[in-house]
Amino acid sequence: MAKVIVAQGLNPKCEIQDQGSNLQVPSKPLSWEEDVLQTQAKDQARLQYLSSLVAKKPVVPIASGKQIVQSCLGCSSTVFDNAKSTTFQSLGCQAPQSKQIQNPSCDGSDNTCIFNMTYGGTFTLANDSVSSYTFGCLQKTTGNSVPPQGLLGLGRGPLSLLSQTQDLYQSTFSYCLPNVSSANFSGSLRLGPVGQPVRIKYSPLLKNPRRPSVYFVNLIGIRVGNKVVDIPPSAIAFNPNTGAGTIIDSGTIFTRLVEPAYVAVRDEFQKLVKVANIASFGGFDTCYTVSIVASTITYMFASMNVTFPQDNLLIHSTIGSITCLAMATAPNNVNYVLNVRANMQQ
């Protein structure tokens with residue numbers, strides 16, 4: 001049975017052990033106004049993509065590119081240079097891997113995909129080599145949502161790292177994300193069953209055929225302070241027929257709850273904080289300009305509860321003048337009855 005590992009209060013510093021394959025996860029501390037607004041915009045794009053999965057028509061907003069580096073528009077100077085690789089080999093349009101790309105098209109002149117080119121070669125992670133690893137070489141990036149070194153897919157799709165390394169890592173991984181306020185601290189990604197945390201709480205991961213690439217969990221309730229708030233069961237229930245439910249997603253920064261769930265949590269949070277001057281900022285509607293003592297929020301999953309400390313619930317301006325509850329309502333459309341436990345709550 002697949003399990004989601006929650007290292008809650010058991011290893012808060014993400015210590016790296018000697019066993020297993022470990023990758024450092026760099027910390028990028030959040031500044032305030034501009035970064036928060038940019039993060040919300042990126043989250044909105046990510047949420048739109050997650051929403052589109054149920055319709056199987058992924059749509060991701062794009063912006064104009066600004067520079068050309070090593071034949072890649074909008075990329076950094078650290079892009080992969082296939083000319084320096086001894087194991088690089090291009091895959092043609094008829095290769096099975098090419099058929100797994102979303103909306104592929106083929107350039108008949110050299111038998112390559114013109115939107116997303118797919119390659120095979122040897123890929124190295126820590127001390128592990130993965131032969132015949134298939135990945136995409138970016139020809140163009142737009143906006144600022146793609147990290148300079150690219151993206152590592154940890155989902156359930158056929159071309160994700162976990163799917164391609166199933167024999168090596170047995171589809172097992174855990175990660176510890178650094179605190180957003182830690183300027184000089186890195187988290188870690190641990191691959192494979194060797195050296196995984198021993199003292200853990202876990203809840204089964206669920207598969208939803210309407211969104212097969214993402215990780216669903218069985219959220220059964222939310223407690224604010226000592227009260228389990230009143231949320232309609234349909235707002236959080238796992239539904240394999242519609243794709244509804246709750247997912248864990250590291251690509252979204254701020255947690256989103258569907259409107260009935262968010263309103264119930266927000267209203268009880270505001271009630272317990274007992275401060276009258278509530279403001280809004282960007283997509284956040286529960287912000288304060290005075291010092292507050294926040295109530296705890298607990299997610300109640302099947303087989304375990306997770307209570308979040310204030311660092312995982314609040315964001316603060318750099319000068320301390322504004323504090324906001326770091327969650328918001330999810331987009332309200334026909335394809336999006338989806339709660340997202342984002343990485344700030346991880």
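Ser171 is located in the loop that joins helix 3 and strand 10; here helices (H or I, at least four residues) and strands (E, at least two) are DSSP runs, numbered from the N terminus. The structure is a predicted model, in which local features need pLDDT of at least 70 and side-chain atom pairs count only at pLDDT 80 or more, whereas totals for chains, interfaces and linings use all residues. Residues are numbered from 1 along each chain as its sequence is written, and side-chain values use heavy atoms, with hydrogens and water left out.

The phi angle of Ser171 is near 55 degrees, a positive value in a residue other than glycine. Ser171 counts as partly exposed because its relative accessible area is 38%; the classes are buried (under 20% relative accessible area), exposed (over 50%) and partly exposed (in between), computed with a 1.4 Å probe on protein chains only. Gln170 lies in the loop between helix 3 (166-169) and strand 10 (173-176). Its phi is likewise positive, near 55 degrees, and Gln170 too is a residue other than glycine.

Across the protein chain there are five helices and 25 strands. Of its 346 residues, 40% count as buried. Contacts (heavy atoms within 4.5 Å) were also sorted by sequence separation: among those in the protein chain with a separation of 6 or more, 67% are between residues 24 or more positions apart.

The largest nonpolar core holds 44 residues, of which Ile222, Phe269, Ile297, Tyr299 and Met327 touch the most other members. A nonpolar core is defined as a set of buried Ala, Val, Leu, Ile, Met, Phe, Trp, Tyr and Cys residues joined through side-chain atoms within 4.5 Å. Helix 5 (residues 259-273) supplies the largest share of this core, six residues. At least three residues of the core come from each of domain 1 (57-200) and domain 2 (204-345), the bounds being those of an automatic or database domain assignment. When neighbours within four places in sequence are left aside, the contacts of Met327 are Thr255, Leu257, Tyr262, Val265, Phe284, Ile297, Tyr299 and Leu313. A second core, separate and made up of nine residues, includes Phe254, Phe281, Cys324 and Met344.

Three salt bridges are counted, a salt bridge being a side-chain nitrogen of Lys or Arg within 4 Å of a carboxyl oxygen of Asp or Glu. One of these joins the side chains of Lys227 and Glu268, with an N to O distance of 3.7 Å. Lys227 belongs to strand 15 (residues 227-228) and Glu268 to helix 5, so this pair ties together parts that are 41 residues apart in sequence. Lys227 is partly exposed, at a relative accessible area of 42%, whereas Glu268 is buried, at 9%.

Arg266, Asp267 and Asp285 are linked in a network of salt bridges. Within it, the side chains of Arg266 and Asp267 meet at 3.1 Å, N to O, and those of Asp285 and Arg266 meet at 2.9 Å, N to O. The latter pair links distant parts of the chain, with Asp285 in strand 19 (residues 284-288) and Arg266 in helix 5, 19 residues apart. Asp267 is partly exposed, at 37% relative accessibility, as is Asp285, with a relative accessible area of 29%.

Arg211 lies in the loop between strand 12 (201-206) and strand 13 (215-217). The side chain of Arg211 does reach the backbone oxygen of Gly243, at 2.3 Å.

Further buried positions occur elsewhere in the chain. Cys93, in the loop between strand 5 (89-90) and strand 6 (106-107), has a relative accessible area of 10% and is therefore buried. The C-alpha atoms of Cys93 and Cys106 are separated by 6.0 Å, and these residues are 13 residues apart along the chain. Ser160 is placed in the loop between strand 9 (128-137) and helix 2 (161-164) and is buried, with a relative accessible area of 7%. Not counting residues up to four places away in sequence, Ser160 touches Tyr133, Gly153 and Gly155. Ile248, in strand 16 (residues 245-248), is buried at a relative accessible area of 14%.

Conventions
A polar contact is a pair of N or O atoms within 3.5 Å; within protein, one must be able to donate a hydrogen and the other to accept it, and residues adjacent in sequence count only if both atoms are side-chain atoms.
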